[in-house]
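Me: Please take a close look at one part of this model, then connect it to the rest. Keep it brisk.

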Amino acid sequence: MNNDKRYMKRCYELAVQAGKKGFDTFGAVLVHDGKIIEEAENTADWEKGIFGHAEFNLVHKCANRYSDMVLKESTLYTSCAPCERCLCAIASLGVENVVFGVSYEAFSQLTPGDAFPVDRESLLRKLGIQMKLTGPVLEDEGMHVFEWWGSEYRPLEELIAEMAEIKAADKSKERQVILRTVTEKDLPEVARTWPSDHSPVSKEEAHGAISYMRDNHAKNTRGCIHHLCLAVCGTEDPDTIMGWCGLDGRRSHTEPEIFILLDEEYRNRGYGTQCVKELLRIATEDYGLPGVHGGCDKDNIASRRAMEKGGMIQYGAEDNGDPLFRFIATEKD
Ligand SMILES: [Zn+2]
């Protein structure tokens, strides 16, 4: 058995141990010079608000205990691909090599959300952090570890089927949004919904807005966005405009800023998240852009969640505390 598999098997043992104690099943070890030098289990307690992820616990055990040199030469093995908070903790420890058992994609079969294809390595690299993520290793075996989730044994197939049902029910509840360009036949809806100090705006102003959008769209080319403004509509009633969103290239044509303005009655229903996802798809697939920026008011919880759930990652904040988000397209080899 190769060494990666040997260390991963130990992570799985630790994960099952955590599960049998009533925790969620995750485990991690740090390997230096062919030897496991530290081990940790998950001790997260959702009710008490204790984070306790296995990798985070491992980082705590190692911090100020081993020299930077030892840590740099070490490899962290973890039963499941690390969450963003743990990746940051591992980066702060100075460990550059991470091997995971279960991938983000496979794990997402057991969580309500889908795995979003973020290239975490290149994201960290752009922040000047070297980290190599390797895996999956013994993924099938790792998935069966989740059968011991929270002490009660349940077969993997049952867990996956149950989550698939929850996901399907959630999907059918949400109305799907369509993002589309507007034409003259949308004039009354544009006049009713166009964001301005005085709404509705006049027919002339709406007409001006439509031709302004058309002119801007004509300037957009693959790899370069000037301005893209789309009406947010629902599949059930595509003629009604629920709001506006798009990509603003004034600061950067290659990494434009996302904007979303939903009418009050359509907020907090998951439409914002769908807009973010679709705009990221348009930016990366249709226009081949390397990334997208985003920001929102720090008190706007709905926008903040839409950015995060849509797949953007908060990387900082403005001086006034408003969060700044970014999405980096997965680099294709
Ligand atoms: Zn974590």
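Reply: Start at the end of helix H12: glycine 311 follows it, with a positive phi near 115 degrees. Everything here comes from a predicted model, in which local features need pLDDT of at least 70, side-chain atom pairs count only at pLDDT 80 or more, and totals for chains, interfaces and linings use all residues. Numbering starts from 1 along each chain as its sequence is written.

H12 covers residues 301-310. Helices (H or I, at least four residues) and strands (E, at least two) are DSSP runs, numbered from the N terminus. The buried residues of H12 are Ser303, Arg304, Ala306, Met307 and Gly310. Buried means that 20 or more other C-beta atoms lie within 10 Å of the residue's own; 12 or fewer makes a residue exposed, anything in between partly exposed, with C-beta atoms placed from the backbone. Why do the buried residues of H12 line one face? Seen down the axis, they fall within an arc of 160 degrees, so they line one face of the helix. The arc is taken over directions from the helix axis to the C-beta atoms. Their cover includes strand E9 (257-262), helix H11 (271-286), strand E10 (291-295) and strand E12 (323-328).

Now the wider setting. The protein chain has 12 helices and 12 strands. Its C-alpha trace spans about 75 × 40 × 35 Å along its principal axes. Of its 333 residues, 35% are buried. Among contacts with a separation of 6 or more, 57% join residues 24 or more positions apart. A contact is two C-beta atoms, placed from the backbone, within 7 Å.

Helix H4 (residues 84-93) can be read in the same way. Its buried residues are Cys86, Leu87, Ala89, Ile90 and Leu93. They cover an arc of only 160 degrees around the axis, which puts them on the same side of H4. Arg85 and Ser92 are exposed, on the face turned away from the buried side. What do the buried residues of H4 pack against? The list is helix H2 (54-62), helix H3 (68-73), strand E3 (75-80), strand E4 (97-102) and helix H6 (120-126). Just after H4 comes glycine 94, with a positive phi of about 95 degrees.

Take the H2 contact in detail. The axes of H2 and H4 come within 9 Å and cross at roughly 20 degrees. Axes are lines fitted to C-alpha atoms, for helices over the stretch in contact, and angles run from 0 to 180 degrees between N-to-C directions. On the H2 side, Glu55, Phe56, Val59 and Cys62 take part. They meet Arg85, Cys86, Ala89, Ile90 and Leu93 of H4.

Strands E3 and E4, both packed against by H4, belong to an open sheet of 5 strands with mixed pairing, in the order E2-E1-E3-E4-E5. E2 and strand E5 (132-134) each have a single partner strand, so one side of each edge is left without a neighbour in the sheet. Neighbouring strands are turned by 20 degrees against each other on average, direction ignored. Pairing requires at least two DSSP bridges between two strands.

Strand E1 (residues 27-32) is largely enclosed by the rest of the structure, because 5 of its 6 residues are buried. E1 runs antiparallel to E2 (residues 35-41), joined by 6 bridges. It also runs antiparallel to E3, with 4 bridges. Alanine 28 stands opposite threonine 78 in E3, and opposite alanine 40 in E2. Leucine 30 has glutamate 38 as its bridge partner in E2. The E1-E2 hairpin has 2 residues between its strands. Aspartate 33, in that turn, takes a positive phi of about 55 degrees.

Helix H1 lies across E1, E2, E3 and E4, at about 145 degrees to E1. H1 spans residues 3-20 and holds tyrosine 12. Buried or exposed? Tyrosine 12 counts as buried because it has 23 C-beta neighbours inside 10 Å. Beyond its neighbours within four places in sequence, tyrosine 12 contacts Gly27, Ser79, Gly101, Glu141, Gly142 and Val145. The C-alpha atoms of tyrosine 12 and leucine 138 are 9.8 Å apart, across 126 residues of chain.
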